[in-house]
Amino acid sequence: KATQRVIIDNAQDLICTLDLKGRIIAINAAVIDILGYKAEQMLDTWMLDYIDNSALKAIDDALNASRQGQTTKPFEITALRRDKTQVELLCSLFSQPEQSSIFCIFQNIIHFIFIYVHIFYKVSRVSKNEENSLIK
């Protein structure tokens with residue numbers, strides 16, 4: 001359990017736990033980088049308060065599905081930062097019926113894309129070097 005806590009606390013993704021009503025009961029420190037709030041400021045607040053109106057139906061539907069124990073596929077939402085700017089996030093929700101809660105992961109889409117581009121660049125560079133060494 002201590003190892004899991006270290007991973008969650010140091011993740012670059014926003015990770016939180018909601019009660020079944022949608023209130024934030026635990027959240028990691030990545031929230032300051034992603035939304036501009038300190039973790040303590042978000043405790044006992046409604047998750048939907050940080051979601052843009054355009055994404056409210058999608059996240060509300062996913063929360064309802066999670067409450068019923070259904071698995072949902074990751075989906076994109078627009079969240080609202082403290083400075084009122086928007087950020088695109090990839091949202092994944094996981095029901096935890098034994099704890100009467102919902103575990104949430106919000107990945108910054110820009111960071112997510114950057115990682116894929118970086119990996120693609122590294123792989124293509126390695127492939128190019130292998131190709132060049134075969135030609136010689």
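Which residue takes a positive phi in the hairpin of E1 and E2? Glycine 22 does, with phi near 105°, and 4 residues lie between the two strands. The model is predicted: local features need pLDDT of at least 70, side-chain atom pairs count only at pLDDT 80 or more, and totals for chains, interfaces and linings use all residues. Residues are numbered from 1 along each chain as its sequence is written, and side-chain values use heavy atoms, with hydrogens and water left out.

**Overall make-up**

- The protein has 5 helices and 5 strands. Both are DSSP runs numbered from the N terminus: helices are H or I with at least four residues, strands are E with at least two.
- From the N terminus on, the order of elements is α-β-β-α-α-α-β-β-β-α.
- The protein has 136 residues, and 36% of them count as buried. Buried means under 20% relative accessible area, exposed means over 50%, and partly exposed is in between (1.4 Å probe, protein chains only).
- The accessible surface comes to about 8,900 Å². Carbon and sulfur atoms hold 57% of that surface. The areas come from the Shrake-Rupley method with a 1.4 Å probe; for residues, only the protein chains shown count as cover.
- Take the contacts between residues at least 6 apart in sequence: 39% join residues at least 24 apart. Contact means heavy atoms within 4.5 Å.

**The sheet**

- Five strands make an open sheet in the order E2-E1-E5-E4-E3, with antiparallel pairing. Two strands pair if DSSP finds at least two bridges between them.
- Strand E2 (24-27) and strand E3 (75-80) are the edge strands, and each pairs on one side only.
- The twist averages 35° from one strand to the next. Axes are lines fitted to C-alpha atoms, for helices over the stretch in contact, and angles run from 0 to 180 degrees between N-to-C directions.
- Helix H4 (residues 56-67) lies across E1, E3, strand E4 (86-96) and strand E5 (101-108). The helix runs at about 15° to E4.

**Strand E1 and its partners**

- E1 (residues 14-19) pairs with E2 in the antiparallel sense over 3 bridges. In this pairing, leucine 18 stands opposite isoleucine 24 in E2.
- E1 and E5 also run antiparallel, joined by 6 bridges. Here aspartate 19 stands opposite serine 101 in E5.
- Of the 6 residues of E1, 5 are buried, so the strand is largely enclosed by the rest of the structure.
- Threonine 17 sits in E1. This threonine is buried, with a relative accessible area of 14%.
- Leaving aside neighbours within four places in sequence, threonine 17 is in contact with Arg23, Ile24, Ile25, Ala26, Gln96, Ser101, Ile102 and Phe103.

**The nonpolar core**

- The largest nonpolar core has 29 residues. Such a core is a set of buried Ala, Val, Leu, Ile, Met, Phe, Trp, Tyr and Cys residues joined through side-chain atoms within 4.5 Å.
- Cys16, Leu35, Ile59, Ile77 and Phe106 touch the most other members.
- The elements giving two or more residues to this core are E1, E2, helix H2 (31-34), helix H3 (39-42), H4, E3, E4 and E5. E4 gives the largest share, 4 residues.
- Not counting residues up to four places away in sequence, cysteine 16 touches Ile24, Ala26, Ile27, Met47, Ile102, Phe103, Cys104 and Phe106.
- In soluble globular proteins, nonpolar side chains tend to be buried together.

**Aromatic pairs**

- The whole structure holds 2 aromatic pairs. Rings of Phe, Tyr and Trp (its six-membered ring) pair if their centres lie within 6.5 Å; planes under 30 degrees apart count as stacked, over 60 as edge-to-face and the rest as tilted.
- Tyrosine 37 and tyrosine 50 form an edge-to-face pair, at 5.3 Å centre to centre and 75° between the planes.
- This pair links distant parts of the chain, 13 residues apart. Tyrosine 37 is in the loop between H2 and H3, tyrosine 50 in the loop between H3 and H4. Both tyrosine 37 and tyrosine 50 are buried.
- Phenylalanine 94 and phenylalanine 103 form a tilted pair, at 6.5 Å centre to centre and 45° between the planes. Phenylalanine 94 counts as partly exposed because its relative accessibility is 39%.

**Aspartate 60**

- Helix H4 contains aspartate 60. This aspartate is partly exposed, with a relative accessible area of 31%.
- The C-alpha atoms of aspartate 60 and methionine 47 are separated by 10.0 Å. The two residues are 13 residues apart along the chain.
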